[in-house]
Amino acid sequence: MIFYAKVLETTLLFTMFVLSVYMLSGLTGLFSLGHGAFITLGAYTAGLATTRFGLPIWLAMVLAVVVGMIGGLIIGAPTLKLRRDYFLLVTFGFGEMVRALLLWTAQLTGGAMGLAGIPYAAELPLIGVSTLVVVVFVANLKKTAFGRTCIAIRDDELAAQAMGVNVYAHKIKVFLLSAAIASYGGALLAFNMSFIEPNLFNWLESAKLIVIIFVGGINSVTGALITGIFYYSFGELFRFAHVWRDVLLGVLVILVIVFRTQGLFGNWEFSPAWIKSVLGRKRSGKQGA
Amino acid sequence: MGSSIFVQQLINGISLGGVYAVMAVGFGIVFNVLKFSNFSHGGVVAITAYAGYYLSRNLISDFWLALAATTLIGGLAGLLVERLVFRPIRIAGKPLTYFFVNSITVAMIVQQFFSAMWGAHYFSYPDFFERTAFNISGLIVSRTYLLMLVISAVVLIALTLFLRATKLGIAIRAASSDIYTPPLMGVNTDVVTGITFLIAGMLAGITGFFLGMTYTVTPFIGSMMIKGIIAAIIGGMGSLAGGVIAGILLGVVEALLIAEVGSSVTPIIIYLGIVLLLLVRPRGIAGKPYTVKA
């Protein structure tokens, strides 16, 4: 039972990461290959704050989010003004930089040996509730003006600008929000695993978070959720296939993009309205027969 | 730092910079034509690093033949990637986003494939030459580094001539400035993009071979591509010449920094430098500013 609870915790945490990337990549069309760096930053801030400075857990979490957002501002402010490729390439560098920074400050962070002894404070209920909040927030984003602005920027930046959207400011807002969620998740991860190391998230982990969204479809939060849950729980449950699952995922991504670009789920969302429409269809079908 | 060590590091830096320059050009040439950041370049680099290792250990003991064969394999790998992954979405007219996603997926597949196959093994290339270094009036110059420098220079000059003087080269340059008009002039876009990926693949082949010789071959060798990308940014996206200058510059700065402050701080300084550069002069050394939406 403990094993399955562990799998569930990990899956939920990664689902949160997928959703933070969904906001950024799926809705706004910005790609961060260093998103893992925010998770790492959050994890290390939380870990260091509690083990080295003896701060309470809640304060450590707040600090983690603040540090993640500061990191986001440093990277976002110069690059989000430019063509999207710069953002992508610099976030890639940022991921490497955070890793180098952690290795360099080994006296404080433990360097390559990792940081151990972080209090185990994030149990299933906290992780579950946090993930649920993020899910509800991101799922409703598409219905709000904020989310629709994101989609407008993704689909046509010039047109969005012409309609009076401050593209740069909006991109920064989305990026900071996404970084905040990621670093909060990172803090939870640290309090859940009790041990963290600099190589926890390399560029590949960040890339995986992005491609998972494309399997489900960039217009479907449900798709991102289902693919994320499936991928990460699968990885935990079938460790023997661990090394090959990324190759399989990659092949699946390419097949989906070439043959079904809108993703497996397209525009479909799981919602009360959808349930109602399905039930309604059945009932009317019966009446017809 | 003594002056002889300084000159030594300078030479090493220029040589490694030559490899970065080749990488930056391989990345940039695809960026110019299709306007997306081609991360699959790193994947092709990794493939060729392994292929070069296999060839030189088992089949070909001659340095030049092994290099030529690896280059060819790189070119073929580039063509194959274009054919399987990018051509279908290009013909369907998909947005650039999907090109990018496909390219990181290719890099991911390659890295994880090698991890799964030989993740636990580190391979090193054989010594091709009996004399591995020259002693030029007190300076010790590694033969590999010297070869790297000379070959990178020759390759880049040859590529420049190709792009300037041949019909195909001109077609590639035309497609770089605008991919929609050349077909109206009777240029076959499929051939042009195919050739572009072939060239990028061959450049990746040379890079992969040299990186394999300089470092050990691991599944993560493809992420060395970050150096080429940094060079492309510093040089100005879309400018091949800028990428070459920036590549050599990066090699030198890196070598000197490592000698002066150590290898753990160097990447931090370089990345901070890039963020600053983008803040001050985003167009890089030579490039035109790119503000068009991706």
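**Notes on the predicted model**

1. Start with the surroundings of one tyrosine. Neighbours within four places in sequence aside, A:Tyr184 is in contact with A:Gly42, A:Met61, A:Ala64 and A:Val65. The model is a predicted one, and that applies to every point below. A:Tyr184 belongs to helix H9 of chain A, residues 167–193. Is A:Tyr184 buried or exposed? A:Tyr184 is buried, because 23 other C-beta atoms lie within 10 Å and the cut-off for buried is 20 or more. A:Ala46 is 138 residues away from A:Tyr184 along the chain, yet their C-alpha atoms are separated by 9.1 Å.

2. The next residue to check is A:Ser194, in the loop between H9 and strand S2 (195–196) of chain A. Its phi is near 65°, which is positive although the residue is not glycine. Most residues other than glycine have a negative phi. A:Ser194 counts as partly exposed, since 16 other C-beta atoms are within 10 Å.

3. B:Lys35 sits in the loop between H1 and helix H2 (40–59) of chain B. With 18 other C-beta atoms within 10 Å, B:Lys35 is partly exposed.

4. Helix H7 of chain A, residues 145–155, has four buried residues: A:Thr149, A:Cys150, A:Ile153 and A:Arg154. Why do they lie on the same side of H7(A)? They do so because the arc they cover around the axis is only 140°. Note that an arginine, A:Arg154, is one of the buried residues. Helix H1 (2–27), H8 and H9 of chain A are included in what covers them. On the face of H7(A) turned away from the buried side are the exposed residues A:Ala145 and A:Asp155.

5. Helix H6 of chain B, residues 167–177, can be read in the same manner. Its residues B:Ala171, B:Ile172, B:Ala175 and B:Ser176 are buried. The arc they cover around the axis is only 145°, so they fall on the same side of H6(B). Exposed residues B:Lys167 and B:Ser177 are carried on the face turned away from the buried side of H6(B).

6. How do H6(B) and H7(B) pack, and at what angle? The angle is about 100° and the axes are 10 Å apart. H6(B) is therefore roughly perpendicular to H7(B). H6(B) brings B:Leu168, B:Ala171, B:Ile172 and B:Ala175 to the contact, and H7(B) brings B:Thr189, B:Val192, B:Ile195 and B:Thr196. By class, this contact has six nonpolar residues, two polar and no charged ones.

7. On the interface, 42 residues of chain A are in contact with 41 residues of chain B. Five helices of chain A each supply at least two residues of the side that touches chain B: H3 (57–79), H4 (84–104), H8 (157–162), H10 (203–216) and H12 (242–259). The largest share of that side comes from H4(A), with 15 residues. Sorted by class, the side of chain A that touches chain B has 31 nonpolar, five polar and six charged residues.

8. Chain A as a whole has 13 helices and two strands. The C-alpha trace spans about 75 × 55 × 35 Å along the principal axes of chain A. Buried residues are 52% of the 289 in chain A. Of the contacts in chain A with a separation of 6 or more, 82% are between residues 24 or more positions apart.

9. Chain B has 10 helices and two strands, in the order α-α-α-α-β-β-α-α-α-α-α-α along the sequence. Chain B is as compact as a globular protein of 294 residues, because its radius of gyration of 19 Å is close to the 19 Å from the globule rule. Its C-alpha trace spans about 60 × 50 × 40 Å along the principal axes. In chain B, 52% of the 294 residues are buried. Among contacts in chain B between residues at least 6 apart in sequence, those joining residues at least 24 apart make up 78%.

How values were computed. Residues are numbered from 1 along each chain as its sequence is written. Chains are lettered from A and ligands numbered from 1 in the order in which they are written. This is a predicted model: local features need pLDDT of at least 70, side-chain atom pairs count only at pLDDT 80 or more; totals for chains, interfaces and linings use all residues. A residue is buried if 20 or more other C-beta atoms lie within 10 Å of its own, exposed if 12 or fewer, and partly exposed in between; C-beta atoms are placed from the backbone. The arc is that of the directions from the helix axis to the C-beta atoms. Axes are lines fitted to C-alpha atoms, for helices over the stretch in contact, and angles run from 0 to 180 degrees between N-to-C directions. Angles under 35 degrees count as roughly parallel, over 145 as roughly antiparallel, 65 to 115 as roughly perpendicular and the rest as oblique. Two residues are in contact if their C-beta atoms, placed from the backbone, lie within 7 Å. Ala, Val, Leu, Ile, Met, Phe, Trp, Tyr, Cys and Pro count as nonpolar, Asp, Glu, Lys and Arg as charged, and the others, Gly among them, as polar. The radius of gyration is taken over C-alpha atoms; the globule rule is 2.2 Å times the number of residues to the power 0.38.
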